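Q: Could we go through this structure together, one region at a time?

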Amino acid sequence: MSKIRKITAREILDSRGIPTLESIIELEDSSVGIYSVPSGTSVGKYEAHELRDGDQNRYGGQGVLKCLEKISSVLSPQLIGKDAKNQQSIDQIMLDLDGTHTKENLGANSLLCLSAAIAKAQANSQKQPLYQYISTLFGSTQTQFTLPTPMFNVLNGGMHANHNLDFQEFMIVPSQAGSYSKNLKLGVECYHALKETLKSHSASVLIGDEGGYAPLLYSNMDAFKMLEEAVAKANYRIGLDAFFSLDAAASYIKQGDTYRIKDKPTPLSATDLIDFYISLNEQYHLLALEDPLDQDDWDSWKVLYSKLGNDTLIVADDLTCTNTERLNKAIEQKCTNAIVVKPNQVGTITQTLEAVRVAKDAGFKIVVSHRSGETNDDFIVDFAVACGADYAKFGAPARGERVAKYNRLLEIEHELS
């Protein structure tokens, strides 16, 4: 009764007003799964291929009608009638139909659109919460689930905010000691306090792609000063109640062989940038430092990890791109101790779970993440809970597509209690 009866896909808009895909999977027992695909603005060059139309006369070339055609003519005929409980087998069929390592033919967005919707349909068929069903796909027999600690991206920079700041995400992270509800309260109160702090300094309180404020500040260090003031204004303590984290997205500040940031008058070598991070960490004791160096500079990652890895999470995103091959290299090179996990970087739920499994076996911390181009779909929340993610990045506690994720975590917390 869980065989796939019907597949429907359509073009919708993401939170940036850019087209994306939504699919509806209907099973023979009338269970339904609906999923819409997120998309990144800051995209690592090793992410799987996202298929777009390229027709400049329609949505500036960003349409996804090619994906709809591929789903209709290539994928659906091979999936109709397949049992939705066989997630791994279905995902492998789609990978074989694409036939490329980077999903060049069908697009990772086309594959993920169906892969996740099938998982949702089967969870509904089994009358299980989605996180519980995905945990079985992960191979877990757990009955006790924990919620990830949210990493609130309250200041947006880089590609997310027209390069007002060099670094992409300035995050406030609650202590893991508190319940999710208390952690959410901390994030929201600090977010609102940051607005008042910025206004008191005559800085803009307009927001970026992920809901964080996007002020034009003199330097990146000024951003940390604003955060420090905001946390105090909200009556919390840095290093006890809350911590700072930074997503540098360093590949986007690299020019040739050097890096450029507002804080320094001259270009920085990788060694200079590492020294800057060490100084920053001495001042603010960062919980996590994500993509601190270029996605191809493995040697510099190793140097940074040797200097800061014992005290700080050195988080790989563009370096590994939820790709098990690159992840295994990162493990061998001993250059990181945490990874960001984004299903659309690789294309199927099975592959994403395998990346989480490899990282966990290596003792890495797991940060499950949204994308800057989001929808109201909250699948990623259940995924994070299912695989026991340590942290989750859903943006600032603002904008409907971000708040939908935080509210889903509240719902799961209520269910588990």
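Q: Before that, what kind of model is it, and how are the residues numbered?
A: This is a predicted model, in which local features need pLDDT of at least 70 and side-chain atom pairs count only at pLDDT 80 or more, while totals for chains, interfaces and linings use all residues. Residues are numbered from 1 along each chain as its sequence is written, and side-chain values use heavy atoms, with hydrogens and water left out.

Q: Start with the sheet. In what order do the nine strands lie?
A: The open sheet runs E4-E14-E13-E12-E11-E10-E7-E6-E5, with mixed pairing. Strands (E, at least two residues) and helices (H or I, at least four) are DSSP runs numbered from the N terminus, and two strands pair if DSSP finds at least two bridges between them.

Q: Which strands stand at the edges?
A: Strand E4 (149-150) and E5 do; each has a single partner strand, so one side of each lacks a neighbour in the sheet.

Q: Is E5, then, buried or exposed?
A: Strand E5 (residues 152-156) is mostly covered, with five of its five residues buried. Buried means under 20% relative accessible area, exposed means over 50%, and partly exposed lies in between (1.4 Å probe, protein chains only).

Q: How many bridges join E5 to E6?
A: Four bridges join E5 to strand E6 (residues 169-174), and the two run antiparallel. Phe152 stands opposite Ile172 in E6.

Q: And in which sense do E7 and E10 pair, parallel or antiparallel?
A: Strand E7 (residues 242-247) and strand E10 (residues 288-290) are parallel, with three bridges between them. Leu246 has Leu289 in E10 as its bridge partner.

Q: Now the largest pocket. How much space lies in it?
A: About 430 Å³. On a 1 Å grid over the protein atoms alone, a pocket is an open set of points where a 1.4 Å probe fits, with protein on both sides within 12 Å along at least five of seven lines; lining residues have an atom within 4 Å of a point. Grid points are joined across faces, edges and corners, and the volume is the space filled by probe spheres set on the points.

Q: Which residues lie nearest its centre?
A: Lys103, Thr322, Thr324, Val346 and Gln351 do, out of 23 lining residues.

Q: Which helix gives the most to that lining?
A: H10 does, with five residues. Helix H2 (87-98), helix H9 (324-333) and helix H10 (349-361) each supply at least two.

Q: What is the lining made of, by class?
A: It has six nonpolar, ten polar and seven charged residues. Ala, Val, Leu, Ile, Met, Phe, Trp, Tyr, Cys and Pro count as nonpolar, Asp, Glu, Lys and Arg as charged, and the others, Gly among them, as polar.

Q: Change of topic: what do the buried residues of H4 pack against?
A: They pack against helix H3 (108-125), H10, helix H11 (379-386) and helix H12 (400-416). The buried residues of H4 (residues 130-137) are Leu130, Tyr131, Tyr133, Ile134 and Ser135. Just after H4, Gly139 takes a positive phi of about 90°.

Q: Which residues other than glycine have a positive phi?
A: Ser202, at about 60°, is one of them, and His285, at about 50°, is another. Ser202 is in the loop between H5 and helix H6 (220-233) and is exposed at 71% relative accessible area. His285 is in the loop between helix H7 (270-284) and E10, and is exposed at 56%.

Q: Last one: which polar contact does the side chain of Glu11 make?
A: Glu11, in strand E1 (residues 4-13), makes a side-chain polar contact with the side chain of Arg58 (2.5 Å). A polar contact is a pair of N or O atoms within 3.5 Å; within protein, one must be able to donate a hydrogen and the other to accept it, and residues adjacent in sequence count only if both atoms are side-chain atoms. A polar atom of the Glu11 side chain also lies 2.9 Å from the backbone nitrogen of Val64.

Notes
Contact = heavy atoms within 4.5 Å.
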